[in-house]
Every structure is written in structure tokens, then in C-alpha cells.
Amino acid sequence: MNHEISTEIFKKAEKYIPGGVNSPVRAFKSVNRKAPIFACKGKGARVWDEDGNEYIDFICSWGPLILGHNPKVVMDGVREAIEYGSSFGLPTKMEVELAQLITKCCPSIEKVRLTTSGTEATMSAVRLARAYTNRNKIAKFEGCYHGHSDALLVKSGSGLLTDGYQDSNGITQGVLKDTITVPFGDIEKLKEVLETKEIACLIMEPVPANMGVIYPNIEFLKDVRELCTKTGTLLIFDEVISGFRLSLGGAQEYFGITPDMTTLGKIIGGGYPVGAFGGRAEIMDLVAPVGRVYHAGTLSGNPVSVRAGFETINYLYNNREEVYKSLEEKVNYIVSNARQLAEKHGAPVVINSIGSLFTIFFTDRKEVNNLEDALSSNTENFAIYFNTMLENGIICPPSQFEAHFLSMAHTKEDLDRALEVMDMAFKKIGDNVNAK
Ligand SMILES: Cc1ncc(COP(=O)(O)O)c(C=O)c1O
């Protein structure tokens with residue numbers, strides 16, 4: 001497969017953009033490639049690069065494209081919205097429609113404020129939690145990623161983990177000391193932290209997906225909820241990935257656990273920039289202009305993005321039974337077959353999946369339940385997997401510590417093709433293991 005044009009563009013990109021990319025997760029460094037592929041078109045479950053190569057896409061824009069690239073229902077809405085104007089700096093009716101729809105899908109959200117990204121949503125939710133509880137410190141789990149605001153870039157997953165570190169430089173000691181981290185799944189440690197009654201909120205991905213996918217223990221989630229209630233700590237579910245993906249009401253509906261606040265992103269913008277934070281009205285009414293917790297945004301609730309989000313969620317709402325059943329069936333199909341292929345070739349893997357997400361961890365461990373388990377993965381084997389897939393027309397997230405995303409647009413034929421190539425990748429890895 002030829003990647004000359006992408007490589008040329010990357011040379012220019014490196015000159016003008018740090019690392020040549022506008023988000024580090026787009027770099028292909030960790031999978032031993034000099035340059036990423038530069039995308040130019042997407043349709044359904046396919047994406048094309050500037051060299052004209054076609055790929056089955058398991059990145060799906062890192063989550064927003066649950067209906068695939070450019071689904072008609074979203075494109076029609078966006079075309080109409082663009083005709084009326086790009087942005088007004090005044091409220092629009094569609095923002096209200098989207099807010100109402102979000103509250104219908106996710107009943108723990110009585111009121112919701114739109115932002116432009118998931119990062120803004122989590123940053124604002126944490127500020128609000130501090131104001132509501134009158135406490136300064138916050139808690140998070142190791143390996144969870146909640147965007148790139150200062151307070152949340154501590155023991156973080158996603159791109160930091162891929163590049164081999166977890167705390168960003170440039171954050172003051174004061175901020176760092178106010179963020180307490182706990183290993184995912186460690187209820188005793190969490191108890192110790194929350195029982196100080198100094199913690200404003202625990203922010204968590206109910207299903208961690210930024211150290212690779214971790215399937216949470218339901219009893220652990222219940223214990224977390226109980227502990228937060230007992231200690232007066234607000235529980236924030238960061239459902240930027242899991243929202244509208246595990247079920248219409250996200251992980252909270254899937255597991256039947258009600259958080260105090262929720263943060264959303266990705267799918268609620270249908271591929272356009274939108275985030276949101278919401279929760280009980282008594283909490284949300286502390287946000288300006290009702291209260292004094294400031295949150296604002298020139299492009300918050302942008303009419304084009306909001307229309308894309310509305311059409312996406314409306315589609316999910318009207319087709320919920322078919323959508324979530326079909327996505328889960330697809331994931332189960334690919335994961336169960338991939339497990340068999342890995343076993344056939346003696347390739348050591350643990351495959352975690354839930355909803356329409358999965359991660360293949362190249363590890364000798366029996367299970368991957370937290371950051372320490374995830375870090376046991378052999379990233380060289382992951383690179384072999386990634387490159388075999390890429391060279392055979394399948395694009396996966398270029399990191400061991402991320403999720404593969406499936407969409408409604410993926411067909412059985414797409415999954416069968418992916419399995420054919422996985423067979424080749426696992427054979428190479430198995431042969432290497434057996435040769436040692
Ligand atoms: C769970 C979670 N929270 C927050 C964010 C930040 O969202 P954004 O990239 O839109 O700022 C992400 C991004 O991947 C995420 O996965």
C-alpha cells in the first residue's frame with residue numbers, strides 16, 4: 001500500500017504544526033510509523049486517505065460517528081442549518097430541542113448546558129461540583145481520561161498513556177495536589193479518600209475506554225455510588241464516550257446507576273463539535289446567569305453542530321431497540337471470532353468489549369481490569385497488529401490504550417474482512433511468541 005502523499009503532507013505538517021497533528025492521538029509514532037495517514041473522505045464505515053487508499057474504519061472519529069460517516073439523516077439536517085447561518089451569538093430553538101431530547105434519553109439530567117467539546121464539559125462540571133459542595137479537592141481514577149483541563153490531566157489515559165507518561169507538564173503544584181487519584185476498582189482506597197469528606201466530586205468514566213476498554217464490575221459501581229452519597233461527594237459520570245453508545249441513556253442506563261452529574265460529548269455532536277454537562281436542576285441552577293459558576297462559549301450551542309447532534313440522537317431515540325441490539329451483536333461477533341483466532345495461533349491477548357467498543361490487549365495476563373493490567377501489554381505486538389490491519393485496508397486506533405469503535409454502518413462483510421486480516425496479524429504474533 002502506497003502512502004507517499006500522506007508522508008509528503010506530514011513533512012510539511014511537522015514544519016507548521018507541533019508533531020504534525022492537531023491532537024496527539026492522531027500520531028502514528030507508537031505504532032512505529034513515520035507518518036500518519038491523512039484522511040480526505042469518509043462514507044459509511046469507510047474512510048479514504050490522500051493516496052486514494054480505502055479503509056474499513058474502526059476509529060470512527062474516536063466515537064462520534066455511531067451512524068458511520070456522513071449518514072443521510074445528519075447530512076440533510078446540516079445542509080439545511082448551514083443555509084440559515086453559521087452562528088448567531090443568540091439562542092436558537094434547536095438548542096432547546098436538543099436539551100429536551102438529552103433529558104428524555106438520560107433522565108438523571110434535569111438541566112443541561114451545551115459546550116463545544118468534552119474537555120469544556122468536564123472542566124465546567126468539576127467547577128460546578130466544587131461550588132455546590134464548597135470543597136476544593138476532586139478524585140479521579142488512574143488511567144481515565146477526562147479531556148485536557150489542568151485539574152484532570154493527572155494519572156491520565158488516552159494520548160498521554162500512548163506516549164508513555166500520565167501527567168502533563170505545565171500544571172501548577174497547587175492544582176496537582178487538589179486532584180487525588182485511585183486505581184480503578186479499588187473500593188478500599190476510594191473509601192479512604194472520600195471519607196476525608198474533603199472531596200467535591202469523583203469524576204469517572206463508568207466504562208473506562210481511555211486505557212483500552214475496561215469492563216466495570218457492577219458491584220464496584222454500586223459501591224462507588226453508595227460511598228459518594230454517604231460522604232457528600234458528587235458523582236460525575238463522564239459519558240463522553242459511553243453516552244448514547246452503550247444504550248440511549250449511556251452507561252448509567254446500562255448499569256442502572258444514577259450519577260449526580262453527567263458529561264457528554266462525541267455522539268451528541270454527530271461528528272460536529274458539541275459537549276454538554278448536566279444533572280439535577282438544583283445543581284445546574286448554580287451555573288451563570290442563574291448562579292455564579294461561570295461557563296460561557298462564543299460557539300456553545302452552535303446551530304450547525306446542534307442540528308447534527310439533534311438528528312443523530314433523534315435517530316437513535318426513534319430506532320433504539322434495533323440500534324443497540326445490532327451494535328452489540330456486531331461486537332460480540334467480531335470479538336468472539338477474534339478470540340478464537342488468537343487462540344489458534346497462540347497469540348496472547350485479552351479482548352475486552354462492551355456495547356460497540358472493544359480493545360485487544362496484547363498481554364499474557366488472564367484479565368485486564370485496571371491501568372496496571374493494561375500497562376502489561378506488549379506494545380510491539382500491538383504495532384504488528386496495527387500495521388498488518390493498515391496495510392490490508394483496515395484502520396484501527398494507533399494505540400494499544402484506546403478503543404475500537406463500531407458503527408451502524410459496519411456490515412457483516414466488513415467484520416469478516418477484519419477477521420481475515422486479524423488472522424494474519426495473530427499468526428505473525430503467535431509465530432514470534434513460539435519462536436522464543
Ligand atoms: C471520557 C472522555 N472525556 C472527555 C474527553 C474530552 O473530550 P474532547 O476531546 O471533546 O475535548 C474525552 C475525549 O476523548 C473522553 O474520552
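In which loop is asparagine 134 found? In this predicted model, for which local features need pLDDT of at least 70, side-chain atom pairs count only at pLDDT 80 or more, and totals for chains, interfaces and linings use all residues, asparagine 134 is found in the loop between α4 (118-133) and β5 (137-141), where helices (H or I, at least four residues) and strands (E, at least two) are DSSP runs numbered from the N terminus. Residues are numbered from 1 along each chain as its sequence is written, and side-chain values use heavy atoms, with hydrogens and water left out.

Asparagine 134 has a phi near 60°, a positive value in a residue other than glycine, and its relative accessibility of 71% makes it count as exposed, given that buried means under 20% relative accessible area, exposed over 50% and partly exposed in between (1.4 Å probe, protein chains only). The C-alpha atom of asparagine 134 is separated by 9.1 Å from that of glutamate 198, the two residues being 64 residues apart along the chain. Glutamate 198 belongs to the loop between α7 (187-194) and β7 (199-204) and is partly exposed, with a relative accessible area of 42%. With neighbours within four places in sequence left aside, glutamate 198 is in contact with Arg135, Asn136 and Lys137, contact meaning heavy atoms within 4.5 Å.

A positive phi, near 45°, is also found at asparagine 70, a residue other than glycine. Asparagine 70 lies in the loop between β3 (54-57) and α2 (72-84) and counts as partly exposed at 37% relative accessibility.

The ligand is surrounded by Ser117, Gly118, Thr119, Tyr145, His146, Gly147, Glu205, Asn210, Asp238, Val240, Ile241 and Lys266, a residue being near a molecule if one of its heavy atoms lies within 4 Å of it. This shell divides into three nonpolar, six polar and three charged residues, where Ala, Val, Leu, Ile, Met, Phe, Trp, Tyr, Cys and Pro count as nonpolar, Asp, Glu, Lys and Arg as charged, and the others, Gly among them, as polar. Polar contacts are pairs of N or O atoms within 3.5 Å; within protein, one atom must be able to donate a hydrogen and the other to accept it, and residues adjacent in sequence count only if both atoms are side-chain atoms. An N or O atom in the side chain of threonine 119 is 2.6 Å from an oxygen atom of the ligand, a backbone N or O atom of glycine 118 lies 2.9 Å from a ligand oxygen atom, and a polar backbone atom of tyrosine 145 is 3.5 Å from a nitrogen atom of the ligand. Of the 390 Å² of accessible area that the ligand has on its own, the protein covers 82%, as computed by the Shrake-Rupley method with a 1.4 Å probe.

Within the shell, Lys266 is the position at which UniProt places the feature "modified residue: N6-(pyridoxal phosphate)lysine" (unreviewed entry); such annotations may be inferred rather than shown by experiment, and their positions are given in the numbering used here, with feature names shortened. Lysine 266 is placed in the loop between β9 (261-264) and β10 (275-279) and counts as partly exposed at 26% relative accessibility. Its contacts, apart from neighbours within four places in sequence, are with Trp62, Gly63, Pro64, Val240, Ile241, Gly271 and Val274.

The loop between α10 (281-284) and α11 (303-318) holds proline 289, and the peptide bond from alanine 288 to proline 289 is cis, with omega near 10°. Asparagine 302, in the loop between α10 and α11, is buried, with a relative accessible area of 14%, and its side chain reaches the backbone nitrogen of valine 304 at 3.1 Å.
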